[in-house]
Each structure stands twice: as C-alpha cells, then as structure tokens.
Amino acid sequence: LYRGAVGRFDVSAVIDRKEVAPGEPVLLTLRVTGTGDLERVPPPPLGELEPVVERFAVSRRLVSVDLSDGAKSFTFRLRPRDGSVSKIPAIPFVSFDPDAESFVATETEPIELAVV
C-alpha cells in the first residue's frame, strides 16, 4: 500500500519481547532508512494489513515516532488475538523511487513470537 514515501528505502522490525499471553501487548518498532525525505515518510498502515489484523488487534494510536540517526522509527502496540499466533508477519513498505521512476516494495522479516 503506497502512502506517499518518495525515495529508496529499507524497512526493518524489532519487538520489545519474544513471549506474551493472548491479549497482552507487544511493542513493534518499524525502522525506515534510505534516501529520500524521511520527515515525510508516513507510518505503514498496520491496521489495514490483513495478515496483521487477522492475528493481532492493532492500536489506532502510535506509541511513538522518532526521527534520528538517519532513520524514522514507528512504534505500534499489537495484541495477539489468541494462542495460535506464532509470529508477526512480514510488514510491507512501498515507496516511489524517482530515479527508477517506479514503485518499489520492500518488507520486514517475519518475527517469531511465543503466545502462551
């Protein structure tokens, strides 16, 4: 889903812990780096991504947004819907690369999560 990012970017993800109970929050931080105007980079639409919302309740409000060290980071609060969740799926990020004159998609690696 394109949200207006212009440039060439990479995205990575980390969580604040690897084990939670169903319904207990886990913080997911997405870090965007690359060439382009990071200030104008919007957060990925986690609440609209079917692979995410099937498994997690996604808070409507971001926990934090940070722009520093050549990166923009977005922290989301997710709550696993039940004990069948075993990972946070890959999160896509789409930007428009003006040099290539095309849209470019990249994504995070899935993250293992134990819901006990």
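This is a predicted model: local features need pLDDT of at least 70, side-chain atom pairs count only at pLDDT 80 or more; totals for chains, interfaces and linings use all residues.
Q: Where is Thr108 found?
A: Thr108 is in the loop between S9 and strand S10 (111-112). Helices (H or I, at least four residues) and strands (E, at least two) are DSSP runs, numbered from the N terminus. Residues are numbered from 1 along each chain as its sequence is written, and side-chain values use heavy atoms, with hydrogens and water left out.

Q: OK. Is Thr108 buried or exposed?
A: Thr108 counts as buried, at 3% relative accessibility. The classes are buried under 20% relative accessible area, exposed over 50% and partly exposed in between (1.4 Å probe, protein chains only).

Q: And what does the side chain of Thr108 reach?
A: The backbone nitrogen of Ile91, at 2.9 Å. As for what Thr108 touches, leaving out residues up to four places away in sequence, the list is Val11, Ser12, Ala13, Leu30, Pro89, Ala90 and Ile91. Contact here means heavy atoms within 4.5 Å.

Q: Switching to rings. How many aromatic pairs does a search of the whole structure find?
A: The search turns up 3 aromatic pairs. Rings of Phe, Tyr and Trp (its six-membered ring) pair if their centres lie within 6.5 Å; planes under 30 degrees apart are stacked, over 60 edge-to-face, and the rest tilted. One of the pairs is Tyr2 with Phe103, edge-to-face at 4.9 Å centre to centre and 75 degrees between the planes.

Q: Which strands do Tyr2 and Phe103 lie in?
A: Tyr2 is in strand S1 (residues 2-15) and Phe103 is in strand S9 (residues 102-107), so this pair ties together parts that are 101 residues apart in sequence. Tyr2 is partly exposed at 37% relative accessibility, and Phe103 is exposed, with a relative accessible area of 53%.

Q: What about Phe9 and Phe93, what do they form?
A: An edge-to-face aromatic pair, 6.0 Å centre to centre with 85 degrees between the planes. Phe9 lies in strand S1 and Phe93 in strand S8 (residues 92-97), so parts that are 84 residues apart in sequence get tied together. Phe9 is buried at 4% relative accessible area, and Phe93 is buried at 5%.

Q: Which residues do ring pairs link into a cluster?
A: Tyr2, Phe96 and Phe103.

Q: How many residues has the largest nonpolar core?
A: It has 25 residues, and those with the most contacts inside it are Leu28, Val32, Val41, Leu46, Leu78, Ile88 and Leu113. S1, strand S3 (26-36) and strand S6 (71-80) each supply at least two residues of this core. By nonpolar core I mean a set of buried Ala, Val, Leu, Ile, Met, Phe, Trp, Tyr and Cys residues joined through side-chain atoms within 4.5 Å.

Q: What is Val41 in contact with?
A: Ignoring neighbours within four places in sequence, Val41 is in contact with Ala5, Phe9, Val32, Lys72, Phe74 and Phe93.

Q: And Val26, buried or exposed?
A: Buried, with a relative accessible area of 0%. Val26 lies in strand S3, and its C-alpha atom is 9.4 Å from that of Leu113, a residue 87 places apart from it along the chain. Beyond four places in sequence, the residues that Val26 touches include Ile15, Val20, Phe76, Leu78 and Leu113.

Q: New topic: how many cavities of 30 Å³ or more does the structure hold?
A: The structure has 1 of those, and the volume of the largest cavity is about 80 Å³. On a 1 Å grid over the protein atoms alone, a cavity is a set of points where a 1.4 Å probe fits but cannot get out; lining residues have an atom within 4 Å of a point. Points are joined across faces, edges and corners, and a volume is the space filled by probe spheres set on the points.

Q: What is the largest cavity lined by?
A: Among the lining residues are Leu1, Arg3, Pro42, Pro43, Pro44, Pro45 and Phe93. S1 and S8 each supply at least two residues of that lining.

Q: Last one: what is phi of Asp69?
A: Near 55 degrees, a positive value in a residue other than glycine. Asp69 sits in the loop between strand S5 (64-68) and S6, and Asp69 is exposed at 73% relative accessible area. Glu101 also isn't a glycine, and its phi is positive at about 55 degrees. Glu101 is in the loop between S8 and S9 and is exposed at 66%.

Methods: A polar contact is a pair of N or O atoms within 3.5 Å; within protein, one must be able to donate a hydrogen and the other to accept it, and residues adjacent in sequence count only if both atoms are side-chain atoms. On a 1 Å grid over the protein atoms alone, a cavity is a set of points where a 1.4 Å probe fits but cannot get out, and a pocket is an open set with protein on both sides within 12 Å along at least five of seven lines; lining residues have an atom within 4 Å of a point.
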